[in-house]
Every structure is written in C-alpha cells, then in structure tokens.
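Good morning. Please have the sequence and the 3D view open, and follow along as I go through a few features.

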Amino acid sequence: MSSSVDPRREAVRILARVDAHQAHAARLLTEALPLTRELVLTVLRWQHTLDDLLQRFCKTPLPHLDPLVRASLRMGLAEARLLRTPPPVAVAEAVRVCKGFVPKASGLVNACLRRAVEARWPSPEDESVPLALRTSHPPWLVERWEKRLPPELLRQALASAQEPAPMCLLAGVSKLPPEVQTAPHPQVPGVLVVTAGAKAAAQACAQGQAYAMDPTAVAVARLVPHGQKLLEVAAAPGGKSLVLGLEHPQALRVALDLRVSRVRLLARATRLLSRPPHLLAADGTRPPLRRHSFDAVLLDAPCSGTGTLRRHPEIRWRLTPYQLSELASLQKELLAATVPLVKPGGFLLYATCSLEPEENEEVVASLGLPVSPVSDGLPPQLPRVVLPSGGCLIPPGPWGDGFVVHLVGPVR
C-alpha cells in the first residue's frame with residue numbers, strides 16, 4: 001500500500017523525519033489520517049518511557065538504529081500498550097511496516113517488540129520509578145519544574161502534556177455551523193471548548209470563519225494595558241492580535257513580524273476583525289518606528305515553547321539547556337529594542353510560552369527594567385505562580401498552555 005492509504009507506514013515516516021531531521025510534527029500532520037495522527041503524537045508524548053522499555057530487549061543501542069527502525073519499534077510498542085490495538089496485531093503491523101522500509105531489520109523489530117509488549121509499564125503512582133520516566137519528560141526539565149512549581153501544579157503540568165489538547169475557539173470572532181457544539185471554557189471567559197463537531201469547527205477555521213486559540217494565550221493578551229496606540233511585536237500567527245482588536249477596538253493598533261510569510265498569516269487572521277491592525281514586516285530588533293510612540297506594547301517573544309508540550313510534544317526531546325541561553329540573547333535584543341518605543345508612563349507586556357527563567361525574569365533583569373504586578377489581571381480561576389521578579393507564571397495544565405508574563409513599566 002502507498003503511504004497515503006497506510007496510516008502506520010505514514011506514521012513511521014513522519015516519526016523518522018521528526019527524529020532525524022528536526023521536522024515539526026504539527027506541519028507534517030496537517031492532512032494526516034486520524035490513526036496516523038494518534039500514533040505519531042502518542043509516540044512523541046511517551047518516547048522516554050517507550051525507549052526505556054525497548055532498550056531492555058534490544059541488543060543494539062536505540063540511537064544506533066536506523067531512524068525508520070527506531071520509529072517502527074516505538075510505534076509498535078505505543079500502539080500495543082497505549083492504544084486500543086491488541087498487542088499481537090500491533091507487533092505484526094510494526095514488523096510489516098519495517099519490512100517495507102528496512103527489510104533486514106524486521107526480525108529485530110519482531111523479537112524486541114514481542115518481549116517489550118509483555119514488560120511492566122511504570123505506574124504513575126510508583127515513586128520507586130523516577131518521575132521523569134513515569135511522565136515521559138526529560139529528567140533535566142522535570143528537575144527544573146520541581147523547583148519552579150508547587151507539587152500539585154507540577155503533577156497537572158506533567159500529566160496534561162500527555163493528553164491531547166481540546167479544540168478551543170475565540171468566541172468573539174468565531175461563526176460556527178450548527179453541528180458544532182461548544183461549552184464555555186471554565187477558567188477563561190470568551191473562549192469556547194468544542195465538545196462535538198470538531199471536524200466542522202476545523203473547517204470553519206480553515207475557511208476564515210472562526211479562530212482556534214489556546215485559552216491561556218487569550219488571558220495573556222488581555223493583560224495589555226489600555227491606550228490610544230498599541231504595538232504588537234512578533235505578532236504572527238495573529239491570535240493575540242484578534243484579542244487586542246476585541247479588547248481595544250478604538251485604539252490605533254500596529255502588528256509587526258519579521259517575515260512577509262508571517263505577516264500574511266497575520267493578515268488572514270485579522271480579517272475576522274471589523275478594524276484590523278496596521279501590519280508591518282520588519283525586524284523587531286530594529287523596528288522602523290519612532291521612539292515613545294505607543295502607550296503599550298506586547299512583545300510575545302520567540303522562545304523554547306516548554307509551556308506548549310501537549311500540542312508540540314517533540315520540543316522536549318530536542319531542546320537542551322544550552323539552547324535556552326541562545327534564545328535569551330535574541331529575547332534581550334527584542335526587549336531592548338522595543339522598550340524605547342513606549343511613551344513615558346506606558347507599559348510593555350513581555351510574554352513567552354516558556355517556563356524557563358533564562359527566557360523570562362533573567363531577560364527582564366538583565367536590562368534593569370522596572371516591573372509592575374500583573375497577576376491580578378488574570379481570571380481568578382486560572383492557576384498561577386507569582387514570581388519574585390514581579391512577573392507571573394501560568395503553568396500548563398488542562399486549562400491551557402503555560403506562559404510567563406512580566407509587565408515592564410511604567411517606562412521612564
């Protein structure tokens with residue numbers, strides 16, 4: 001069968017590309033069959049635990065295997081232990097797919113999987129097993145979050161990363177067909193959780209009639225103070241621009257991003273507004289704008305994305321602590337370039353969807369900027385941790401992605 005009608009073969013192909021070539025799973029899964037999507041995301045979420053079990057029964061170190069063979073092993077074990085497929089069928093299908101890609105390795109896959117599917121899967125409550133292995137996260141990341149989050153919020157953050165995120169829509173700009181059923185988001189007003197008709201809702205988004213957006217991102221965008229002139233830097237793909245348009249309809253708004261392709265995404269999203277912002281393709285580290293021109297600025301800085309693991313599970317396997325310092329250098333450049341655009345007495349909301357201090361409070365502190373309290377502007381039901389820096393950490397959980405925000409100002 002061709003990969004277009006063989007969901008398992010396509011899953012292995014995508015997993016190998018994500019593993020070996022740093023591809024983004026979300027882009028490769030845009031038009032994937034449901035089983036392919038489920039297999040790929042399940043493997044990426046549970047890769048650490050899967051590899052620990054597989055390595056016990058594989059004489060060759062997993063990193064030394066062909067990426068397609070490694071992907072076949074992971075898929076077969078994930079399907080047998082985490083999905084609804086009977087283990088003998090899952091093993092046989094993984095062997096079949098491997099034989100089509102790397103015939104000489106099919107015997108290895110068969111022998112390893114037949115033993116691995118019978119091995120004990122670590123219980124979430126078994127404290128004799130490392131927390132990182134029980135929850136399938138990198139140990140270095142779990143150690144960081146243990147220092148940053150209270151125990152219950154840590155548990156919810158790790159657990160939610162292993163579950164699919166529900167589809168959520170920004171209510172103020174979404175017109176939905178009757179077959180789509182929704183419920184109000186329990187923590188963030190103005191967000192709808194799709195409870196039925198997800199396919200029709202996705203079609204409405206694709207047709208520019210609705211907009212899917214993480215609930216926590218909505219709450220973060222609402223923290224931007226009111227003003228007559230507002231600027232958004234690194235604004236694509238446009239969700240926060242929509243929130244600013246709904247919250248500040250009379251303000252003059254400018255949305256800036258680096259590449260023309262990303263500005264096109266902004267244009268497509270902001271057509272849902274009656275008064276779209278002015279769009280600008282420009283480098284945020286050298287913005288072609290006058291100093292002291294804006295009452296408030298939103299800088300949603302490019303970051304590691306450690307708060308978005310339930311939607312982008314592969315991030316956890318390719319990120320290293322060293323990369324955090326590299327990202328922080330760009331973030332400092334952006335912040336240093338955008339603060340002068342704020343009028344005296346105005347504010348800049350600095351936000352990332354990363355939980356890591358190098359990308360957040362350490363960036364703000366490195367520039368010696370004043371910080372005003374921001375936590376009270378969030379919905380009361382939304383969990384948060386107030387940081388010593390004055391910023392606020394919103395942990396990832398069933399309510400949405402994780403963010404850290406700092407309200408810089410008042411600017412002198």
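Predicted model: local features only at pLDDT ≥ 70, side-chain atom pairs only at ≥ 80, totals over all residues.

Let me begin with helix packing. Two packed helices are described by the angle between their axes and the distance between those axes. On the H4 side, the contact is made by Gln47, Leu50, Asp51, Leu53 and Leu54, and on the H5 side by Leu73, Arg74, Leu77 and Ala78. Sorted by class, that contact has six nonpolar residues, one polar and two charged.

The second pair is helix H1, residues 7-21, with H5. Here the axes are 8 Å apart and the angle is about 125°. H1 and H5 are therefore oblique to each other. Which hand does the crossing of H1 and H5 have? It is right-handed. H1 brings Arg8, Ala11, Val12, Arg13, Leu15, Ala16, Asp19 and Ala20 to the contact, while H5 brings Pro67, Leu68, Arg70, Ala71, Ser72, Arg74, Met75 and Glu79. By class, this contact has nine nonpolar, one polar and six charged residues. Arg74 of H5 is listed in the contact with H4 and also in the contact with H1.

Now the backbone. Gln22 sits in the loop between H1 and helix H2, residues 25-28. Gln22 has a phi near 60°, which is a positive value in a residue other than glycine.

There are also two cis peptide bonds to point out. One joins Ala236 and Pro237, with omega about 10°. Pro237 is in the loop between strand S4, residues 229-233, and helix H13, residues 239-247. The other runs from Gly409 to Pro410, with omega near 0°. Pro410 is placed in the segment after strand S12, residues 403-408.

Last, the empty spaces. Rolling a probe the size of a water molecule over the atoms shows where empty space is left. How many cavities of 30 Å³ or more does a search of the whole structure find? It finds two.

The largest cavity holds about 60 Å³ of space. Its lining consists of 13 residues, and Ser160, Gly307, Leu309, Arg310 and Pro396 lie nearest its centre. By class, the lining has five nonpolar, six polar and two charged residues.

The second largest cavity has a volume of about 40 Å³. S4 and H13, the two elements on either side of the Pro237 loop, each supply at least two residues of its lining, and so does strand S5, residues 252-257. Among the lining residues are Leu230, Ser241 and Val254. The division is six nonpolar, one polar and two charged.

Helix H8, residues 131-135, and helix H10, residues 151-160, each supply at least two residues of its lining. The lining includes Trp46, Pro124, Leu131, Arg134, Arg155 and Leu158. By class, the lining residues divide into five nonpolar, two polar and three charged.

That is the end of my tour; I will take questions now.

Terms used
Residues numbered from 1 in each chain as written. Heavy atoms only, no water. Contact = heavy atoms within 4.5 Å. Helix = DSSP H or I, 4+ residues; strand = E, 2+ residues; numbered from the N terminus. Nonpolar A, V, L, I, M, F, W, Y, C, P; charged D, E, K, R; others polar. 1 Å grid on protein atoms, 1.4 Å probe; cavity = no way out; pocket = protein on both sides within 12 Å on 5 of 7 lines; lining within 4 Å. Axes fitted to C-alpha atoms, helices over the stretch in contact; angles between N-to-C directions. Parallel < 35°, antiparallel > 145°, perpendicular 65-115°, else oblique. Left-handed = near helix turned anticlockwise from the far one by under 90°. Points joined across faces, edges and corners; volume = space filled by probe spheres on them.
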